[in-house]
Every structure is written in structure tokens, then in C-alpha cells.
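Hi,

Here is the structure I promised to pass on. Have a look at it first, and then read my notes below.

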Amino acid sequence: MVDSHSNGHANGHSHDGHGHDEHGHKPDHIEVRVLRQDGPGQPSYWERHSVKYEADMNVISVLQRIAANAKNAEGKHVAPVAWDCNCLEEVCGACTMVINGKVRQACSALVDKLLSDNPAEIELQPMTKFPVVRDLAVDRTRLFSALSRVKAWVPVDGYYDMGAGPRYPAEDQETAYPLSQCMSCGCCVEACPQYTKVELERIEGETEEAYNARCKADYDRAFVGPHAISQAMLFNQHPTGKNIAGERLDALTAEGGLQVCGNAQNCVAVCPKLIPLTTSIARAGRATTLHVLKKWFGA
Ligand code: SF4
Ligand code: SF4
Ligand code: FES
């Protein structure tokens, strides 16, 4: 449930010294509105913060100031806002959140740019397709679980030296490289209308292990997502990875597989790494059709 009572003023141009004005003057303070949640399954509520403007900030530096201050815009002490981050250079995907209505990485979201688009405020929300752990931090386990469903790896028997592998032809490298840039950030699944949130409530007295097993079973039935379809195509074209291509195609034709995709193409529009997801989806469509036909005819 979202509490809209504490929203304060609505979007619009700044009249009070906050935000960039129409002459491009720098503001004294940045108004930030954060959708908070105290824990998994708890109700969410908006909270306003005011952060002193500094040049060249990104959303992570804004969140760091908010955490250090631990007071809301009215000066009341509040628990520090929680968020995830790691690499700070748009490589790990951990800081993905919804910023001014658009899913993206907080570390590469520059404050000056955000304020020039909306001088009134910066609005931060957690991704909506994953269970919230706290505030802007979400549990992306399902994203990684999908990668294991499609066996998104090159199978090897051990870590001893097996000698040189087969050569990777240059033209294949060209199609593989863009797909290999996926950082499991979750933007594509956030935008996908077919990817709906799976969140299980804990049963009283249930162990962590039992809860995780129930979650995994549900994740494994739900839509695998465009990132995993694309990774399946990446590893199916790898000279060694293709040894288990059939197993990946089996996963893509099982419940929650490729057939769930409605081809809305929202995923490709939001991928920060510009991964050609719809091309991967089309390739997967052809490969799974062939795979199913071969299985029918016992080829
Ligand atoms: S495909 Fe793009 S949007 Fe999706 S998880 Fe990978 S990097 Fe993120
Ligand atoms: S093309 Fe498929 S995976 Fe991509 S957003 Fe649309 S339904 Fe989702
Ligand atoms: S912190 Fe790694 S992508 Fe933003």
C-alpha cells in the first residue's frame, strides 16, 4: 500500500529556490521523494528529503547524503534509507531502481540531467517486479535463478588444464559480445508486461531453507525473462557451451519459457547495455521450434 498523504507538493517548476530554474541557475537544495518500505511485505510510504546541491552528483551520492543526515525534509529523525550498490560504474547492476519513473542505474543517473528534466524533485522507487528487502533494495534472486534454469554457463568437468578449447569464429564473436555484456540488472524484466512479481509470504515457524525452496519452485514456474532467453542464446552459440544447447532449449520450452513472451519489445527499449533482446528472442523462437520438431521426429 502506498501512503500518498505525505507526498507534499506535486511535480512542477520550482518557485522556492529548489531545483534548476528556467535560467539554468543551480539550486541550493534538491528535493528527493523516496518510496520507503521498512521490511519485506510491509506497507510502503513516501518520504521527502532535502539534500544540499553539489556539482556533479549522481543518485548514489544523493542517497549517501540522505543516509548521513538521517532526517527527512521536515527535520525529523528517520531511519537511514537503504539501497544497494557496488561497482559505481554501471557494471554490476546492483543499484537498479525506478528514478523519475524510469528504470535505470542510480550510479549513472546524473543529478544535473535529472533536474534539467524535472527541476521540482527527484523521485526514487524500488523496482516493482522483485520483493522489497528494505526501501530501495530488492531481492533479485529470481533473476539469477532464471540464469541457472537455462544453464547460462559453459559446462566444464573440472578445473584442471584441458588444453585449448575450440576456436570461436570472429563472426560469432561479433554476435556474442553484445549479449555477454548483460549485468543482470533487471531493467528488462521491470519493463516487461509478461514478467509479473512473485513474492511469497513466510509461514510461521518456517526455516530459511524451506522458504527459499518454496520461492525457487515458484520462480521456476514463472516467466524466465528476456535476459535469460538472451543468455541461453549466448551460450548456445559458444563452441563448448553448445554441448548442452538442447537442455537450454528444453528449459525455454517448459512452463514459464519463451511462449510467455508477448513480443511487446519493452525490454529492448530499456536495456542500459543496448543488448538486442528481441533479436535473441527471435533466435530462440526459431531454435526452440526446430528443437521441438526434431524431438517429435526423434532426430
Ligand atoms: S538484458 Fe539488459 S536490461 Fe536485462 S538484465 Fe541484462 S543488462 Fe539488464
Ligand atoms: S518482448 Fe517479450 S520479454 Fe521483451 S518486454 Fe515484450 S513480452 Fe517481455
Ligand atoms: S553500482 Fe554497479 S551498476 Fe550501479
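Into which domains is the chain divided? There are two: domain 1 covers 2-134, and domain 2 covers 140-296. Keep in mind that this is a predicted model.

The C-alpha centres of domain 1 and domain 2 are 32 Å apart. Where the two meet, 14 residues of domain 1 are in contact with 16 residues of domain 2. On the domain 1 side, strand β5 (residues 102-105) gives the most, with 3 residues.

Next, have a look at ligand 2. It is surrounded by 14 residues, and the closest are C192, P226, C261, A264 and C267. Of these shell residues, 8 are nonpolar and 6 polar, with no charged ones. Helices α9 (266-270) and α10 (277-296) each supply at least two residues of the shell, and α10 gives the most, with 3.

α10 also turns up in a helix pair. It packs with helix α7 (residues 226-236) at an angle of about 65°, with the axes 9 Å apart, and the crossing is left-handed. From α7, the contact uses P226, I229, S230, A232, M233 and N236; from α10, it uses L277, S280, I281, R283, A284 and A287. By class, this contact has 8 nonpolar, 3 polar and 1 charged residues.

Cheers

Definitions and conventions. Residues are numbered from 1 along each chain as its sequence is written. Chains are lettered from A and ligands numbered from 1 in the order in which they are written. This is a predicted model: local features need pLDDT of at least 70, side-chain atom pairs count only at pLDDT 80 or more; totals for chains, interfaces and linings use all residues. A residue is near a molecule or strand if its C-beta atom, placed from the backbone, lies within 6 Å of it. Helices (H or I, at least four residues) and strands (E, at least two) are DSSP runs, numbered from the N terminus. Ala, Val, Leu, Ile, Met, Phe, Trp, Tyr, Cys and Pro count as nonpolar, Asp, Glu, Lys and Arg as charged, and the others, Gly among them, as polar. Domain bounds come from an automatic or database domain assignment. Two residues are in contact if their C-beta atoms, placed from the backbone, lie within 7 Å. Axes are lines fitted to C-alpha atoms, for helices over the stretch in contact, and angles run from 0 to 180 degrees between N-to-C directions. A crossing is left-handed if the near helix is turned anticlockwise from the far one by less than a right angle, and right-handed if clockwise.
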